[in-house]
Amino acid sequence: MTIKELKQRSIQYRKNVLKYILQAKAGHTGGSLSCVDILNVLYNDTMNVSPQNFSSPDRDRYIQSKGHSVEALYVVLADKGFFPEKDLETLCQYKSHYIGHPTRKVNGIEQNTGALGHGLPIAAGTALAAKLDGRAYRVFTLLGDGELPEGSNWEAALTAAHYQLDNLCAIIDKNTLQITGATADVCNTDPLDKKFESFGWAVKEVDGNDPGELKKLFDSLPFEKGKPSLVIAHTVKGKGVSFMENDVKWHHGVPGKEQYEKAIEELDHALTVI
Amino acid sequence: MAEIITANIGYKPNQDVFSETMQRLAENDKDIIAVTSDSRGSGKLVPFGKKFPKQIVEVGIAEQNLVGVAAGLASCGKKVFAVSPACFLTARALEQIKNDVAYSDNPVKVIGISAGVSYGALGSTHHSLHDFAVLRAINNIIIVAPADNYETEKAVELASQTPHPVYMRFGKKPMPLLNEANDDSFAFGKGRVIREGDDVAIIATGETVYPALLAANKLSEQNISTAVVSMHTIKPLDTALVKKLAEKCRAVITVEEHSVCGGLGEACASYLLQQGIMKPFAIIGIPDEYTVTGSQQDIFNHYDISEKGIAARAVSLLKK
């Protein structure tokens, strides 16, 4: 996929995220919009995973630690053909498997997540299994910057470095906002680069809403042989919709019909100027 | 009357048998993995680690990470035993057991060592009197407390072949064999009748089965016929056996190295009440109080988890 196609895809994903959140009257809008470019590049360019090879032990794995941004994952998986997009019309409905956090009931999802601070330890174990078995697959996990105070992340950061898991890539969706407000005010975790470097990781920063930059960075993995890789993805919460950007009320705010139409109008316009 | 195999009194601690069984299994299966949190010494896994250095994963003192890493390994086909003192494993890492293991159905074998009050004199920080209760309330995890070396060996073998989550707890004390151990009838969810009887039924689990059996022998001297069951699987509970015993006997006593809240006793009581089977019933365990200090045996004696204590409760229950 060309960079232009990736960018178009990101906008289409944003439109779908909003469409299904509007239908469900539920969802984590802001975080889904901030991380969707990352998922786009991972699934359409970086990772060796598809519905055809999903049961292969050699597939690349993606574990979403910030499970609440599941709507972004759903629209990407639907687009990749893991399930019919129409299934998303049941989002958050009675007995639907398409609930507000990822579960393995949905084809394409590796692990049930939702409680924060769980993705990195599981990803480390998954990457360790590859090393033990001599397999070449890679493991990607996406964390929110707001979940970093969970101590289990730092426990796993130690393990990943100790076992030299250079087949592991953790990506922090650093949109700088969490439900209470600015992450820096809630519990400042900066400087993340120095922290992870001191834990033994190779760290790089990127504009996490730029598919071209993301692709370039992921192509350079692992950043250093023998070290796990950390991507600090600088993103904008609510990215792509002017009135949602950087406004914490969209953490799990759901648009009304009028807001939805305005958002779609903006995204349609963005498609014309790529 | 069932004879206790006295020649084996002072046999091995169940956690030693766990380690030996792990070594035997690992000989022919490179997917057997032990994950430890600086716990290979307490888990008797030092020889395992020496023999199979590529099959032991050390994460340091980090129980949450221990379970998460174990879940990741298990999701890739490894037969993972996550080993840590039961007190820390089932409290600090409870959310990981709930989500990463049970909810995600990653077939991790969660191994709680030095369980119950095995670390008696170290105090309540080191006791696990809550593990049955909290894990019973979590869907999709088998809960097992083997009583003797035979049950331990069978349970570890069976767990390694079970494609779903299992929790097992072991103690440090050498345990006598309770019965002839030469059959292959051990199965999760099927209690072992160690001794038949029809006046009182004692349903015990883990290291309390042995004092229950001693109590039964003592009661026979008073012509009280006592059934003893090793209910090694707390969940799924062998309700058919519980029902059969309660219908047959005049009274039922449960015994466990666990809080009286939420464990084996309440599981049996809940089942029997809902079946409309009303028999004099007592739960022997650790009461809901600041736990007395001392050795495991001191604590057992203090709370009637003893030959004398269980027998006395049986006698008083039969008078009701």
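Visitor: Two strands pair if DSSP finds at least two bridges between them. With that in hand, what stands opposite Val200(B) in S11(B)?

Guide: Ala251(B) does. Bear in mind that this is a predicted model.

Visitor: Noted! How many bridges join S8 to S11 in chain B?

Guide: Five, linking residues 200–204 of S8(B) with residues 251–259 of S11(B). The two strands run parallel.

Visitor: And what sheet are they part of?

Guide: An open one with five strands in chain B, ordered S7-S9-S8-S11-S12, and the pairing is mixed. At the edges, pairing on one side only, are S7 (192–195) and S12 (281–286) of chain B. From one strand to the next, the twist averages 25 degrees.

Visitor: Which helix packs on the sheet?

Guide: Helix H10 of chain B, residues 264–274, packs there and touches S8, S11 and S12 of chain B. The direction of H10 makes about 145 degrees with that of S11(B).

Visitor: Changing topic: how do H1 and H7 of chain B pack?

Guide: H1 (residues 14–27) and H7 (residues 149–161) of chain B have axes 9 Å apart, at an angle of about 40 degrees. That angle makes H1(B) oblique to H7(B). The crossing is right-handed.

Visitor: Which residues make that contact?

Guide: From H1(B), they include Val17(B), Phe18(B), Met22(B) and Leu25(B). The H7(B) side includes Thr152(B), Glu153(B), Val156(B) and Ser160(B). By class, the whole contact has five nonpolar, five polar and two charged residues.

Visitor: OK, on to the chains. How many residues of chain B are in contact with chain A?

Guide: 23 residues of chain B meet 20 residues of chain A. H3 (63–75) and H5 (94–103) of chain B each supply at least two residues on the chain B side. H3(B) gives the largest share, nine residues.

Visitor: You mentioned H5(B). Why is it described as largely enclosed?

Guide: Because eight of its ten residues are buried, H5(B) is largely enclosed by the rest of the structure. Among the buried ones are Ile97(B), Lys98(B), Asp100(B), Val101(B) and Tyr103(B).

Visitor: What covers them?

Guide: The cover includes H4 (119–133) of chain A, along with H3 and strand S4 (109–113) of chain B.

Visitor: Last one: which residue with a positive phi follows H5(B)?

Guide: Asp105(B), with phi near 55 degrees.

Notes
Residues numbered from 1 in each chain as written. Chains lettered and ligands numbered in written order. Predicted model: local features only at pLDDT ≥ 70, side-chain atom pairs only at ≥ 80, totals over all residues. Axes fitted to C-alpha atoms, helices over the stretch in contact; angles between N-to-C directions. Helix = DSSP H or I, 4+ residues; strand = E, 2+ residues; numbered from the N terminus. Parallel < 35°, antiparallel > 145°, perpendicular 65-115°, else oblique. Left-handed = near helix turned anticlockwise from the far one by under 90°. Contact = placed C-beta atoms within 7 Å. Nonpolar A, V, L, I, M, F, W, Y, C, P; charged D, E, K, R; others polar. Buried ≥ 20, exposed ≤ 12 C-beta atoms within 10 Å, placed from the backbone.
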